[in-house]
Amino acid sequence: MIDLQQIDGATPLGPDELLGLKLSSISTQGDLNVAEEANILAALAWTRRRRKTSLLTREFVLTLHRRMFADVWDWAGKWRQRETNIGVAPNTVPARTEALLQDAAYWIEHSVYPADELA
């Protein structure tokens, strides 16, 4: 039995989501946090090694998400399929992501925001 206490602001994980957990060694929220942190740090290292290509594509976003969570979750790198306490309806996530990426490209090209604010 996994005891993942709910943390304010975190997306609640129900039984369906927990089925996607790859690591049988995880039994607490702390275990999950450690596993996800290790996976995210590995993804960060990957971003530093990769050739400089556009970050503002849906393909990059999904690849980065997969690299950040694939060691922990089987849904890593896939579009969300369920409603959560944050965000938008699952069927709108790809289109809204594309719109955000296009907005960000415009902001960069036209220097709409200073770099620190854009980040």
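At 22% relative accessibility, Met68 counts as partly exposed (buried is under 20% relative accessible area, exposed over 50%, and partly exposed in between, with a 1.4 Å probe and protein chains only). Met68 sits in helix α3, in a predicted model where local features need pLDDT of at least 70, side-chain atom pairs count only at pLDDT 80 or more, and totals for chains, interfaces and linings use all residues. Residues are numbered from 1 along each chain as its sequence is written, and side-chain values use heavy atoms, with hydrogens and water left out. Here is a friendly tour, starting with the overall fold and then coming back to Met68.

**Overall picture**

- The protein has five helices and zero strands (helices are DSSP runs of H or I with at least four residues, strands are runs of E with at least two, and both are numbered from the N terminus).
- Read from the N terminus, the order of elements is α-α-α-α-α.
- The protein has 119 residues, of which 22% count as buried.
- Taking contacts between residues at least 6 apart in sequence, 57% join residues at least 24 apart (a contact means heavy atoms within 4.5 Å).

**Met68 and Asn39**

- Beyond its neighbours within four places in sequence, Met68 is in contact with Glu36, Asn39, Ile40 and Ala43.
- Met68 and Asn39 are separated by 29 residues in sequence, yet their C-alpha atoms are 5.3 Å apart in space.
- Asn39 belongs to helix α2, which covers residues 29–49.
- Asn39 counts as buried because its relative accessibility is 3%.
- The side chain of Asn39 reaches the backbone nitrogen of Asp71 at 2.8 Å; a polar contact is a pair of N or O atoms within 3.5 Å, where within protein one must be able to donate a hydrogen and the other to accept it, and residues adjacent in sequence count only if both atoms are side-chain atoms.
- With neighbours within four places in sequence set aside, the contacts of Asn39 are Arg67, Met68, Phe69, Ala70, Asp71 and Val72.

**Aromatic pairs**

- The whole structure holds four aromatic pairs (rings of Phe, Tyr and Trp, the last by its six-membered ring, pair if their centres lie within 6.5 Å; planes under 30 degrees apart count as stacked, over 60 as edge-to-face and the rest as tilted).
- One of them is the stacked pair of Trp46 and Phe60, at 6.0 Å centre to centre and 15° between the planes.
- This pair links distant parts of the chain, as Trp46 is in helix α2 and Phe60 is 14 residues away in helix α3 (residues 58–69).
- Trp46 is buried at 13% relative accessibility, and Phe60 is buried with a relative accessible area of 11%.
- Trp73 and Trp75 have ring centres 5.1 Å apart and planes at 25°, so this pair is stacked as well.
- Trp73 is buried at 1% relative accessibility, whereas Trp75 is partly exposed, with a relative accessible area of 32%.
- Phe69, Trp73 and Trp75 make up one aromatic cluster.

**Helix α4**

- Val93, Pro94, Thr97, Leu101 and Ala104 are the buried residues of α4.
- Seen down the axis of α4, these buried residues fall within an arc of 95°, so they line one face of the helix (the arc is that of the directions from the helix axis to the C-beta atoms).
- The buried residues of α4 pack against α3, while Ala95, Arg96 and Glu109 are exposed on the other side of α4.

**The salt bridge**

- Side chains of opposite charge can pair when their charged atoms come close.
- The structure holds one salt bridge (a side-chain nitrogen of Lys or Arg within 4 Å of a carboxyl oxygen of Asp or Glu).
- Its partners are Glu98 and Arg58, whose side chains meet at 3.8 Å, N to O.
- Glu98 is in helix α4 and Arg58 in helix α3, so the pair ties together parts that are 40 residues apart in sequence.
- Glu98 is partly exposed, with a relative accessible area of 29%, and Arg58 counts as partly exposed at 29% relative accessibility.

- Ser111 lies in the loop between α4 and α5 (115–118).
- Phi of Ser111 is near 50°, a positive value in a residue other than glycine.
- Ser111 counts as exposed because its relative accessibility is 59%.
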